[in-house]
Amino acid sequence: MKVTRELVDSVAHLARLDLDAAEREAALRDLTRILDYVDALSALDTDGVQPMSHALRLQNVLRADEPAPSMAAQDVLQNAPERKDGCFLAPRAVE
Amino acid sequence: MTAYEMVVGLEVHVELATRTKLFCACSAAFGGAPNTHCCPVCSGMPGALPVLNRRVVDLAIATGLALGCRITRHTQFDRKNYFYPDLPKAYQISQLYMPICRGGSVQIDVGGARKDVRIHEIHMEEDAGKLVHDPWTDRTMADYNRCGVPLLEIVSEPDMRSPEEVVAYLEKLRATLQYLGVSDCKMQEGSLRADVNLSVRPVGSEALGTRTEMKNLNSFKAIARAVAGEFRRQVELLQDGRAVRQETRRWDDNKDTSFAMRSKEDAQDYRYFPEPDLPPLVIDEAWIERVRASLPELAEAKIARFQRDMGLSERDARALTAEKPLCDLFEQTAACCARPKDAANWVMGEVRAALKARGLAPDALTLAPEALARIVLLTAQGSLARDGAREALQAAMDASPDAPLDVDAFARAHGLLLARDDGACERAVREALQAFPAEVARCRAGEEKLVGFLVGQAMKRMPGRGDPRRVSELLREALRAPDA
Amino acid sequence: MQLTDLTALELGAAIKSRACSVEEAVRASLARIAALDGRIGAFITVCEQEALQEARRVQRGIDDGSLTHPLAGVPMALKDNLSTRGVRTTCGSRMLEGYVPTFDATVVERLRALGAVCVGKTNMDEFAMGSSTETSYFHPTRNPFDPARVPGGSSGGSAAAVAAREVPYALGSDTGGSIRQPASFCGVTGLKPTYGAVSRYGLIAYASSLDQIGPLCRDALDAAAVHAAIAGADARDATSVQAPPLPPLGAPDLAGLCVGIPEEYLGEGLDPQVRARVLDCAQTLRELGAQVERCSMPALRAAIPAYYVLASAEASSNLSRYDGIKYGYRAAPRPDGEEDLTGLYARTRSEGFGREVKRRVLLGTFALCSGYYDAYYAKAQRARALIRASFDEALARFDALLGPTAPTTAFPLGERLDDPLQMYLGDIYTVSVNLAGLPGLSIPCGADAQGLPVGAQLIAAPFGEGTLLRIAAAYQAATGHHRRAPKEVG
């Protein structure tokens, strides 16, 4: 897997990370090394093997549709850096 | 000039009528002060975990069964990752790889032609929060009350070819969901939302054109207008030799036009992957049968029953079932008064007209079926005249649902009851004849049109209470008699 | 004999018999932290006032007979990714430096209910990503056996606190070895329970399908008691289950037990001294009556790449919620006053997360991208299934597997910080256990020439914690490695 600067930039953007020039170079170097190593996976024969998403073989864990009290709004907002009129405040979200 | 046709598919989101949210026990009820229906789970606090609401799965299966879908036996949830302030976890728990239902269809009827609009898939997902622009700070305020409210997304195949078909599909789908009790489908509260995917192509062509997605459609009327408008826009582009761009557009119903939403600077990559916090769902035959056994009667079955047991025409039966609130009113009224045909006429006629006059949607109806049944019965018996019955209906619609109108008391108090006793009528007729001897003579001489005048004079003498048919009968008898 | 020299169960018994009060036990712990932690750095937050207040409440409960658990009144510490209501929970990150949870994690609730007293929150690698506790935003933690060396990680603060006798036990979390490897480096007993045995509710997620909470203790008896106290199904965690209760540890011998040693655990990269101590441990198990045999599990070679792909992918999603809107760090407004949403997100996350977290978020984001998902994420999930199948097969034959916990003893601070791959390779013996969802236990089995502890790892089938603890208890009854205390801080 060839890691390019463009790939690093697009992945960083998807992850909402701003990388400065040094961090970009470090990310390029680290990802290249790690992916070189991870590429060993491609040699593994996994034909017919089902992907495993969960460690436990559990199924159908459900709850009844019974309401329970919610939190007080002030507790919901307790850790918010900025709030107004019971709401979280964020920069203007564009359409 | 080339003739074009539209190719339309819909993505319909419905909020489910559960008591609690999809993954936590917070109330799913509409409204509430900001961030008062929230807990660590739905507000995305670190360390909180989702637990699936069984009722959501039951309702999804019920919807699938009603629309003839295949129920996916091994299903699971996936995370859809994107950053936006209405999504506190920065991922939406949804279903990509194994939606709970696939296939199925909705049968529509436009201008007498039946057509099946195929369903591509139905999946379960959580709703996002509400963002409001704060003009004072020019910032966005986020309220997470709607976060985690359960949704079904019902994705159709691109099978619709006209605004009428689109509206017919939505009406039929809404009625079905309402009969199932899956959702109240109130567009004004956002519990039913539709996104329109539309492309155009030359008539006869099999290839699909470039499609646009349209959002912000707040009523069926707006959807019909938006579909027609977007069709025109795309056809004009193509006729000018320009291309349709694949984009998301926002419909502005006031301006009767759509605008391209500011295109995101990059293509979205939602990086879906199986939700590790939720074990998979295995839906066996027994579960499906349990849901099937609990399904209420759906529209097609009702249409058949209304014709078979109540003697309604197919046309009336279809019209009645198109909107569940009206259909419920009809069934309950018919059960109270045992006059299904009259009840049907009242619901489809006077009640619908009254709703329209008030600018109300059928789901805002609070008319008590007992009151309507009494009006139907009194009218049929001849105790209420049309005008009086209308007046009673208005009063019954004004009454609060907790204190329905006592129709008999109202009619008595307002003098609406028709006098059935012949004594009063005979007295009035006698007085009229005595007051207008010349006219009586001309009548007897054969001036038929004066009969109406005399009936009117008799009616005047018993204002509001006379049964015109009875008065007319008595008057004619009196005119035939040799000496009145 | 000082109170801080007692194991958790011994201290609980002393409290129950009125040989000491809860307050004395808690003060002894706080005093030792005050005396030593400047040099160790095991704690991010010490809750002195809360702990003393709690000590009085618990004492009343013990006095009135409402608190009878063997651990009632015993002080303990919690890794700082376990949510504590009213006490800041940082995950070792600038991102959550001032975050104060509004609720307790289920494990915290359970321990509080039986009368445990939390004296503080322990240091960790940022968001549990690391094997040395050097990626903490606050400060590194030092190994009590040699302060120039790391305590392991990511639960390095919990391991060091127990090793330095600051607390008799602590909780940690283990996603790829984060309980067992620091237990090994610090000479304590660390249990990573079966996935699902302990509720994760309130554990700030790193990789949801791998994370599990467990105890770091002075011996297997304490580990059994703490595990029993925190385990069990929780309606708030859909991946938690009710396991059968632990059997009594009972018999001092291991007759009838079959233990396998996978060749893959003794291969290239293993320090010869570690290898020798682990084989000594195998010999002791034989002497205790167990049958010990070599076996082979070639699928384990895929464990490290599969783990780093899957854990990073889940982490990239789990850590997306830290965006500066709801809680935690928010970047300062731009000087020009122009603020756009995406810019605020990116600056907040870039300033709030440290290097290793960003590295894994990038790797995980990449692995989930539409063009790479099949080759990386889905492939790693398939490798995971093969690893699980390989363990299923081995554990059908053996009651438990034995190997080293880590390929080396504690390494010097700073040695691997700039070499992520070398750091990752140190997890070679632990990550496969998380991928398969199995219970794993690290026990001290001696020391290298420099006196640094060596850990042996035992692995069992799902919900085989009883087997692991029984072997460990018998081993610890026959040997004294687990009782060796660090001299440097003593």
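Author: A salt bridge is a side-chain nitrogen of Lys or Arg within 4 Å of a carboxyl oxygen of Asp or Glu. The model is predicted, with local features needing pLDDT of at least 70 and side-chain atom pairs 80 or more, while totals for chains, interfaces and linings use all residues. Residues are numbered from 1 along each chain as its sequence is written, chains are lettered from A in the order in which they are written, and side-chain values use heavy atoms, leaving out hydrogens and water.

Reader: Which side chains meet in a salt bridge with a 3.2 Å N to O distance?

Author: Those of A:Arg57 and C:Asp392 do, at 3.2 Å from N to O, and the count between chain C and chain A is five salt bridges.

Reader: Which helix gives the most to the side of chain C that touches chain A?

Author: That is H12(C), with 12 residues, where helices are DSSP runs (H or I) of at least four residues and strands are E runs of at least two, numbered from the N terminus.

Reader: And how many residues does the contact take from each chain?

Author: In this contact, meaning heavy atoms within 4.5 Å, 63 residues come from chain C and 50 residues from chain A.

Reader: Switching to chain B, in what order do the three strands of the open sheet lie?

Author: The order is S6-S5-S17 in chain B, with antiparallel pairing, and two strands count as paired if DSSP finds at least two bridges between them. Strand S6 (91-94) and strand S17 (273-274) of chain B are the edge strands, each pairing on one side only.

Reader: What is the bridge partner of B:Asp78 in S17(B)?

Author: B:Pro274 is the partner of B:Asp78 there.
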